[in-house]
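This report walks through one protein chain, from a single residue out to the overall fold. Please keep the sequence and the 3D view at hand.

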Amino acid sequence: MTTEGTVEAFRRAEELLAQRRPLEALRVLEPVVDVAQDKPSVLLLLGRAYFFTAQLRRAERAFLRVLEFDPSDHYARLVLGRTLQRQGRLTEARAQIRLAATMYPDPAYQEALGEINAHIAVRSS
C-alpha cells in the first residue's frame, strides 16, 4: 500500500467510525495496520473501532500500545479506562480515568471519573 493509499484508508476509517460503522472501519484499517502498526494515531483509531464492536481485550491492547509510545496521552488513558470499565474492572478503570482527568481537566473527564466512583460506591454497599 502506498503512503497516499494508507492516508486515504486511515481517513476513510475515521469517517466510518464517525458514522458509527466500526466493523467497516476495522476492515478498512486492516491494510493500514499492516504498514503502520507503530503509529499511535492508527492504534488509537483501531482501539476505538474495537471498543465500539465490543472487542474489549483488543481495544485494551491497542490503547496500552499507544501509552507505550506516549504515557502522557490523556485521551488514550480515558478510553482505556472506559474499556476497563466495560469489562467490569472498575478499580483499574478509575486509576486510568483519574490520570486522564489530572492530565487534562476537562469536564467530560471529570464526569467519567464521577461515574466510575459512583459504580464503585454502589458495588461496595
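Which residues does Ala76 touch, not counting residues up to four places away in sequence? The model is predicted. In it, Ala76 touches Leu44, Phe63, Val66 and Leu67.

## Ala76 in its setting

Ala76 sits in helix H5. Its relative accessible area is 0%, so Ala76 counts as buried, the cut-off being under 20%. Ala25 lies 51 residues away along the chain from Ala76, and the two C-alpha atoms are separated by 19 Å.

## Helix H5

H5 covers residues 74–86, 13 residues in total. From first to last C-alpha, H5 reaches 19 Å. That is close to the 18 Å expected at 1.5 Å a residue. Asp73 caps the N-terminal end of H5. One of its side-chain oxygens lies 3.1 Å from the backbone nitrogen of Tyr75. Just after H5, Gly88 takes a positive phi of about 80°.

Which residues of H5 are buried? They are Ala76, Arg77, Leu78, Val79, Leu80, Gly81, Thr83, Leu84 and Gln85. These buried residues pack against four partners: helix H3 (40–52), helix H4 (56–69), helix H6 (90–103) and helix H7 (107–124).

In the model, the chain over residues 40–73 is 79% helix and 0% strand. The end C-alpha atoms of this stretch are 10 Å apart.

Thr53 is found in the loop between H3 and H4. Its side chain reaches the backbone oxygen of Ala49 at 3.1 Å. Leaving aside neighbours within four places in sequence, Thr53 is in contact with Pro22, Leu23 and Leu26.

## The whole chain

How many helices and strands does the protein chain have? There are seven helices and zero strands. From the N terminus on, the order is α-α-α-α-α-α-α.

The radius of gyration is 15 Å. A compact globule with 125 residues would have a value near 14 Å, so the two agree. Along the principal axes, the C-alpha atoms fill a box of roughly 55 × 25 × 25 Å.

Of the 125 residues, 42% count as buried. The accessible surface comes to about 7,300 Å², and 51% of that belongs to carbon and sulfur atoms. Take the contacts between residues at least 6 apart in sequence: 46% of them join residues at least 24 apart.

Key: Residues are numbered from 1 along each chain as its sequence is written. This is a predicted model: local features need pLDDT of at least 70, side-chain atom pairs count only at pLDDT 80 or more; totals for chains, interfaces and linings use all residues. Side-chain values use heavy atoms; hydrogens and water are left out. Helices (H or I, at least four residues) and strands (E, at least two) are DSSP runs, numbered from the N terminus. The expected span of a helix is 1.5 Å times one less than its number of residues. Buried means under 20% relative accessible area, exposed over 50%, partly exposed in between (1.4 Å probe, protein chains only). Contact means heavy atoms within 4.5 Å. A polar contact is a pair of N or O atoms within 3.5 Å; within protein, one must be able to donate a hydrogen and the other to accept it, and residues adjacent in sequence count only if both atoms are side-chain atoms. The radius of gyration is taken over C-alpha atoms; the globule rule is 2.2 Å times the number of residues to the power 0.38. Accessible areas come from the Shrake-Rupley method with a 1.4 Å probe; for residues, only the protein chains shown count as cover.
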